[in-house]
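Okay everyone, thanks for coming. Let me put the model up, and then I'll walk you through a few parts of it.

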Amino acid sequence: MSATDRGLLEIFLDEARALLPRIGERDRSAAGELAELASVVGDAELVELATALRVGLERGHDPAPLVRLVDGKLAAIAAPTPLPSTWDPVELAEMRSLFLVEARNALVAIEASLLVLAVDPNAQEPFEMLLRKAHTLKGSAGSVDLHALSAAAHRLEDLLGPARHRRDASIIAAAQAAVPELRRLVGLDAANVEEELLTTPDSQSLDALRVDELLDAASELVLDRTRIERRLRSVEELAVDASPQLRAQLAELSADVATLARTTRRLGERLRRVRAIDFQTLVSRVEAVVRSAALREHKQVHLVARGVAEEIDQRLADALLEPLLHALRNAVVHGVELPIDRLAAGKPAAATITLALRQTGDGLELEVSDDGAGVDLAAVRRALVVAERLTDEEAAQLSDRALLATLFQPGISTRVVTDDLAGRGVGLDAVADAIARLGGDVSLYTTWGVGTRLTIHVPVESRVLEALLFKVGDQVFAVPSARVEEVAEVDKDSIDDDVAHIRIGDEQLALVRLGALLRIPRPPGLGGKRAAIVLDSRGQRFAVTCDRLIGPRDIVVRRLPRALVGARPWAGATISGAGKVQLIFDVDALAQLGAGKLPRPSYPTGPRRVLVVDEARSLREAVALVLEHAGLSAERAPDGWEALERLSDRPFDLLVFRHEQKGLSGPRLVDRIRASPHLRKLPIVMLTDLDERSALKLVGPFVQAIVSLPLRRRPLLDAVQRALKP
Amino acid sequence: MSADRPNTLTVEIDGRPRRLLDASARPLEAVPVITPVPLGPDSLAGLAQVDGEVLPVLWAGTQRNAIVAVLVGSSLGRALLLCGRVVGTSSDATPLDVHALLETLRHEVRG
């Protein structure tokens, strides 16, 4: 700050302090004057406080609590020296030791980015990395009372911030000049823990590396065992007529393989436990940061942790620490309101921030939610315009969902004033970036006045998982066994086609027909029995039908390729003994998709599907071939009853049937379809030996098009095109 | 070929030669077994396993009659690209940005 600035600030402070006794005596005009003064010096928080005071006085509220807050704020402005430490010495030493690992990594990233920028000052990716790391260093150092380091990082960020879109070599040179000071401060401010820092992480990482190698070997062992099991089953099939001695040997071999399966499973579990910590350990690392940020922001926050007994991989916990700290600071700074505002909104003065961990079978779901004010979408629109990302008109047209997504972009912040905790738009983008590097995904949900929820999903790579394998059509899928509650063989009569429920025992469960959901054609030759798998999603039981159960297997979970992270309803993949990829369901996403709570992906999913029904094979085939040549996918059914069964089992875009046929005749088939809630909107083309006028009298209002026989290609295609039109 | 164009693989897509903007692109000896991804975008043929890694398999054009799988890479990871045939390693053919294909896939998947 220049001498002139400092002089102006002192004048402001004198005038502001002189107003406080008048405000204490309920002088509303004094509160108004304070707001004006605060806006002159550009302190948005003080403007807010003064405005709240004026409004409170107008409503007859006691100004004393807010006057105390203003007084504290003025004191902080007057002496931007560190606030008194909120730590006990042991706690502080522990937090600093954790922070300094983070700081060392940040410095490495800063120096690496600067090396690239020295060659190409306009390289954007390293510049964003540089800015993020400076921001991280600033916030984290401030949180553990390393104020000189925080201020140095703040200065670096100040230097870089205006150069985000345009810069030259002089900016990069100035940034490079700041690095030695940062390095020195890391050492100076942490002299008491430096030695520990420089030795412990290395030895930890060596241990972790060894455990990694052992875990990889254990995973390969599972793959080898799977291959042996598969070959053993083939040999057993071939040896049905073999000698009793050979069959006895095979039985013993089979028992040995089963023992091997138990041993490999135990080995994998024990190795994973070596590297696991409980979630509480991670929570303990961040608790104090939340407390510190709340104090600085003059807010009251309770941190509630859920799932503290869940285990988490040590290295994953380390990688999650930085994004988690960003998310929590964001919740405190942006999400939670000042106590006075919360009270005015009918909420308790203290906000609750909930940090929850859940194992999802394929990975971890980490949730940071607050009961604060929610995201001010109008402020996001303004921020986008201020950052020159959008024009006013474009910002106005952006949907709420798209607006929230912009908060993950670099440089977007709704905070008016920047400080050592937030305001430069380097918060959520840092979270998204760190999580993407872990192959994960971040989502943000908000309700104005109610709160905000940030959900982080991180896959766990190369984990051995016990899964239930089954087939839909010819494709094999897996669900984590931990989510399977029951497996039942059900008669198709127990499936209620109209209301998507299934009765298993005495229980009526919501049903997801996987064939229909995934649009996989039904394999030929299925009888009246179906396999139903009862799954648990967040305490809710629901059932899925499949075409054939394969059984439980140990599988090695592979994460989905980066370009497919977030594809629903998939949690990951595995590789079969034969080298084929098999998909693993995300059970919660499956439950939501099945219940219609998540929209089905809307991109094209292949050709339109038509069911062709006629008892005469020649006509059925002729119609199907004409349609297939026109780029449609045609399935055949020999009569109305099978047509109904197929229609309830798989989705179709169109039904083509012949009016005159045995069994379920044309009009009765149409009646059944139009009476079904699922099928009543299905377009229908009717083929008939009747002339068009007679046919119209019979079923005219209920079908989209009528085609008179004998079959001709063009009229059929025209009718199909008409019927398929939206 | 102009001097600033590196020798990169040129393949046939929808009957036209396209130069892959990926210096590491190489054709596989055989198209591996492809597992469809239900509810996936139309451009995604499925997933396949190459050297123990699960990779996305993409249709590069609109025609679905590919006979060659080309291993490509970008900052979004490796992928297989299905195309008609390998034309050569140097040409002035229209370039095809592999990274852009993967980026489009990522956006489609995330909605």
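**A helix, a contact and some confidence**

Let's start with helix 7 of chain A, residues 147–160: its 14 residues should span 20 Å at 1.5 Å a residue, and its end C-alpha atoms are 20 Å apart, so the two agree. The expected span is 1.5 Å times one less than the number of residues. Helices here are DSSP runs of H or I with at least four residues, strands are runs of E with at least two, and both are numbered from the N terminus.

Quick housekeeping: this is a predicted model, where local features need pLDDT of at least 70, side-chain atom pairs count only at pLDDT 80 or more, and totals for chains, interfaces and linings use all residues. Residues are numbered from 1 along each chain as its sequence is written, while chains are lettered from A and ligands numbered from 1 in the order in which they are written.

pLDDT is the predictor's confidence in each residue, from 0 to 100. For chain A the mean is 77, with 83% of residues at 70 or more.

Now, where does chain A touch chain B? Strand 17 (570–575) and strand 18 of chain A are the elements giving two or more residues to that side. Strand 18 of chain A has the largest share, three residues. Overall, the contact takes 24 residues from chain A and 25 from chain B, counting two residues as in contact if their C-beta atoms, placed from the backbone, lie within 7 Å.
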